[in-house]
Structure formats: C-alpha cells, structure tokens
Amino acid sequence: MSKMKKLYRKVMNRWIVFGATSLNYEKYEGLGYTYAMLPFIEENYKDDPKGKETAIKTQLQFFNTTPYTAPFIMGIDVGMEEKGKTASLEAVSALKTGLMGPLAGIGDSLFVTIPWTIFGAIAANMALQGNPFGCILWIIASILLRLTAYPLFNVGYRSGTKMLSSINTTLKALTNAASVLGLMVVGALAATMVKVNLAFTFKQGKLMMTGNSILDQIMPGLLPAAVVAIIYYLLGKKVKPLYVILIVLVVSVVLNAMHILA
C-alpha cells in the first residue's frame, strides 16, 4: 500500500471512529470532519504553514450530513485539495455546503432508515425467539454499513463532483426499491408482533367464535393495524415516544379491567 493510500485510510479510520463524537450546535460535525482530515492536511501543506492554517480554518466550518455518506464528500475534498492546494479551498467550502444537504437525504434513507428497519426487525424477532444470532446479525449489519466509508471515499476521490448526478439517479432507484421492501417488513412486523386480543366471544348453539376471529374475517390483523395506525398518528403529532408507550400501557390496563381486552 502506497504512502498516500495509507494516509487516506487513516483519514477514513478517524472519521468512522470519531466523526460524530463532537457534535455541537455551532459546527455540528465540523470538528470531527477537521480531525479526520488533519493527517491529509499535515501532509498536503507540510511546506506551507500559512496554507495549512487556512485549510484548517476552512475545514472547521459548519458541516452536517449523514456520517455514512460524508466519506464521498471527503474523497472529493481530498482530490481537489491535493491538486489545487489553497486555490481550491473556496471551491471545497462551497462543495461541502452544497453536497451535505442532498447526501443527508439520500444517506438517511439508504444507510439509516431502511437497513436499520429491516435488520432491526429481523434481529429483534430472532432475539425474541431466543436466538442469539439476532444480536450478532445486528452487529454485523452495523459494521458492514460503517465499512462502506472506504469505497465511497474512493468513488469521491476518483470521480469528483461529476459523478454525483449519475450516482444520485442510481441511488434514487435503489432507495425506492429498498423503501418498498422496508414497508413490507414493517407491515409483517406489525401483523405478527402486535398482539390485541378481545375478551368478547360469540355463542350460538354449538357455534362459538372469539372477537378476534370475527374481525379477522373482515380483515386479518385488523386490530394490530388499527393500533399501529393510532401510534403512527400520535408520533406524527409530535407526541413523545415515552408518552405513547405510557398511553398504550394505561389504555391496555383499563380495557383489560373492563373485560374488553383479554
């Protein structure tokens, strides 16, 4: 491995471990970004102390995007600064500001919401069944997501800003496909994991049917779907998740005491 490749690897290692450890409202991820870039800055401006100072001040600006997609921006940044030195810093600053928003939207869906929902649901279901591989699966998925930093950095370094439009188009199609898969997983999770049992039973001669079996003939999983819809509505109204849990707990106890729920 060449000296520069080791340097790029060191930049990525710093970002993966420390990128989001110094979040603050003034710079957000700016400090972590600068700390990750320091080895490159030290090497790139080793004969230019004034340029090094300017580069550090430039990198300390506000920066906020999904940590998983930030390596793409860092790759472009390194590629530009490596050739343009201080003359490229103004463009680098504009580039970071322009890309961090769009990539945050893509990254939150592709690297956070969708994989966490899919693998989290599968891992939680396995854990509830007593299968320890559920925990291992979650750890493996988290590590694999973090390791995408290296190829994303290389893509950014090699391709520059011109690649963004084509990658954006590809990621949109992939995001839509994964979103459909994520919705299917959430729907299956709600139908199998949310339990709502009515205490009501219907008797007519030898025929006896429970309240759930009657409702299931109208639509299987009607009650769990209704509960999930109510919780979704409350969360949409900005009700805190803790309050939602307490509401579900209290309503369940009251309805059970009234012999409505079993």
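**View 1. A nonpolar patch on the surface of the predicted model.** Eleven side chains are not all labelled here; among the members of the patch are Leu242, Tyr243, Leu246, Ile247, Met258 and Ile260. Leu249, Val250, Val251, Val253 and Val254 also belong to this patch. Together, the residues of the patch have about 1,000 Å² of accessible area. Leu242 is part of helix H11, which covers residues 241-257. Because its relative accessibility is 55%, and exposed means over 50%, Leu242 counts as exposed.

**View 2. The largest nonpolar core.** This core has 26 residues, and Trp15, Met37 and Met74 have the most contacts inside it. At least two residues of the core come from each of helix H1 (3-18), helix H2 (30-44), helix H4 (70-84), helix H5 (89-128) and helix H7 (149-159). Helix H4 gives the most, with 6 residues.

**View 3. The surroundings of Trp15.** Neighbours within four places in sequence are left aside in this view. Trp15 is then in contact with Glu29, Gly32, Tyr33, Ala36 and Phe63, among others. Its contacts also include Pro67, Ala70, Pro71, Met74 and Arg146. One of these, Met74, is listed with Trp15 among the residues with the most contacts inside the largest nonpolar core.

**View 4. Leu128 and Met193.** Leu128 lies in helix H5. Leu128 is exposed because its relative accessible area, 59%, is over 50%. Along the chain, Leu128 and Met193 are 65 residues apart, and their C-alpha atoms are separated by 9.9 Å.

Definitions and conventions: Residues numbered from 1 in each chain as written. Predicted model: local features only at pLDDT ≥ 70, side-chain atom pairs only at ≥ 80, totals over all residues. Heavy atoms only, no water. Patch = residues over 30% accessible without salt bridge, like charges linked within 9 Å, V, L, I, M, F, W, Y side chains within 5 Å. Areas by Shrake-Rupley, 256 points an atom, 1.4 Å probe, with all protein chains shown as cover. Salt bridge = Lys/Arg side-chain N within 4 Å of Asp/Glu carboxyl O. Helix = DSSP H or I, 4+ residues; strand = E, 2+ residues; numbered from the N terminus. Buried < 20%, exposed > 50% of the residue type's maximum accessible area, 1.4 Å probe, protein only. Core = buried A, V, L, I, M, F, W, Y, C linked by side-chain atoms within 4.5 Å. Contact = heavy atoms within 4.5 Å.
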